[in-house]
Amino acid sequence: MTKFVKAVQAYPRLSSFLVLWVLLALSFLYAPAPVVVTEGVYAPCKLFMPCTLCVLVL
Amino acid sequence: MSLFLCGVSAMQRQFDDTMAKVPVRELRAAYIAVEQEREYVDEVRVWFWRWRPQWRVRVEERLPALEAAEARLADLVAQRDAIMAEARQVVGIWSEYAVEEARESFWSSVEAGKVRVLLSMTCSRSRHHFPTCHSIQGVAKRATFYDAFFSMFQMRRDESIGSFLLGLLVKFVFNLTFGLLLMLVAFLVSLVGFIYTWGPGVLSGTLFFLVAGLGATAAVTGIIALGTSWWSLRLVTLDTQLTRVT
């Protein structure tokens, strides 16, 4: 655990990039679509996938 | 919020209504008719039927019915594709239908190993004729088999069977990685056609390609990273066990 924290502290940009990369992969696979057509579906994070991409690009 | 929900509900109703226009029964009947007519023609397609007048006459008698059935099927398929394109444009490419279809396409390319290369370029004409389908594991296994076959001739006399098997395992992991990357490229190519069938604008289509393409790349690199670390652990364990035995 200490090694992991040290690695994150030593490479903050790389770590944040990796976290966002994993988030992007997960959101591509599991996040709800931006436009939910089916009735009764609650999608609180429906813009998750595009937002992750924007953060990654920025 | 209620206005948005009303809009969404109307959108879904319009989508369902449009999809309900697909002539499913007629399509099924047309498929069966084509199969029956083809079997009927195949009955008289004996060896060298072109050069045997009695058989050639029989084939020529039965061919028009087959051609008519095929034409009817092609018409119905075109009709279905037009209806589906209309329905897709109602909900748009950012809808859950499109996203789900893109994910299914991705999973089918990764899990079942089937990638529909240039999907939309063919699906507008015939959805049931998918071009080349490759299997990731198939690619990896085949490549590893050839590696194993040729490495038998290159095996040194002093090389142990353990190191030979380890080398083979490393090659398999390498081939699997290569296969996954190959499938990713094929998925990205098919994505262009997929977006085209949903008919979005240039900006929306480009954004969807970026999002889905980068998402798929992230997922594949994640799978490769996880797979490689798992196999590396297995290799280290196997190596330790083999060293103990020898």
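**Loop residues, helix packing and the nonpolar core**

Ala20(B) is situated in the loop that links α1 and α2 of chain B, where helices are DSSP runs of H or I of at least four residues, strands are runs of E of at least two, and both are numbered from the N terminus. The model is a predicted one, in which local features need pLDDT of at least 70 and side-chain atom pairs count only at pLDDT 80 or more, while totals for chains, interfaces and linings use all residues. Residues are numbered from 1 along each chain as its sequence is written, and chains are lettered from A and ligands numbered from 1 in the order in which they are written.

Ala20(B) is exposed because 10 other C-beta atoms lie within 10 Å; a residue is buried with 20 or more other C-beta atoms within 10 Å of its own, exposed with 12 or fewer and partly exposed in between, the C-beta atoms being placed from the backbone. Its C-alpha atom is 9.1 Å from that of Ile83(B), a residue 63 positions apart from Ala20(B) in sequence. Val22(B) belongs to the loop between α1 (2–19) and α2 (24–42) of chain B and is classed as partly exposed because it has 17 C-beta neighbours inside 10 Å. Between Val22(B) and Ile83(B), 61 residues apart along the chain, the C-alpha separation is 6.5 Å. Residues up to four places away in sequence aside, Val22(B) touches Arg80(B), Ile83(B) and Met84(B), contact being defined by C-beta atoms, placed from the backbone, within 7 Å.

The loop between α2 and α3 (53–91) of chain B contains Phe48(B), which is exposed because it has 8 C-beta neighbours inside 10 Å. Most residues other than glycine have a negative phi. In Phe48(B), phi is positive, near 55 degrees.

Chain A has three helices and zero strands, and 19% of its 58 residues are buried. Helix α2 (residues 12–30) of chain A packs against helix α8 (residues 202–245) of chain B at about 110 degrees, the axes being 8 Å apart, which means that the pair is roughly perpendicular. The α2(A)–α8(B) crossing is left-handed, and the contact includes 11 nonpolar, three polar and no charged residues.

The largest nonpolar core has 29 residues, of which Phe28(A), Ala98(B), Ala212(B) and Ala216(B) touch the most other members; such a core is a set of buried Ala, Val, Leu, Ile, Met, Phe, Trp, Tyr and Cys residues joined through C-beta atoms within 7 Å. At least two residues each come from α2 of chain A and from α4 (96–110), α7 (161–198) and α8 of chain B. Helix α7(B) gives the largest share, nine residues.

How values were computed
Axes fitted to C-alpha atoms, helices over the stretch in contact; angles between N-to-C directions. Parallel < 35°, antiparallel > 145°, perpendicular 65-115°, else oblique. Left-handed = near helix turned anticlockwise from the far one by under 90°. Nonpolar A, V, L, I, M, F, W, Y, C, P; charged D, E, K, R; others polar. Contact = placed C-beta atoms within 7 Å.
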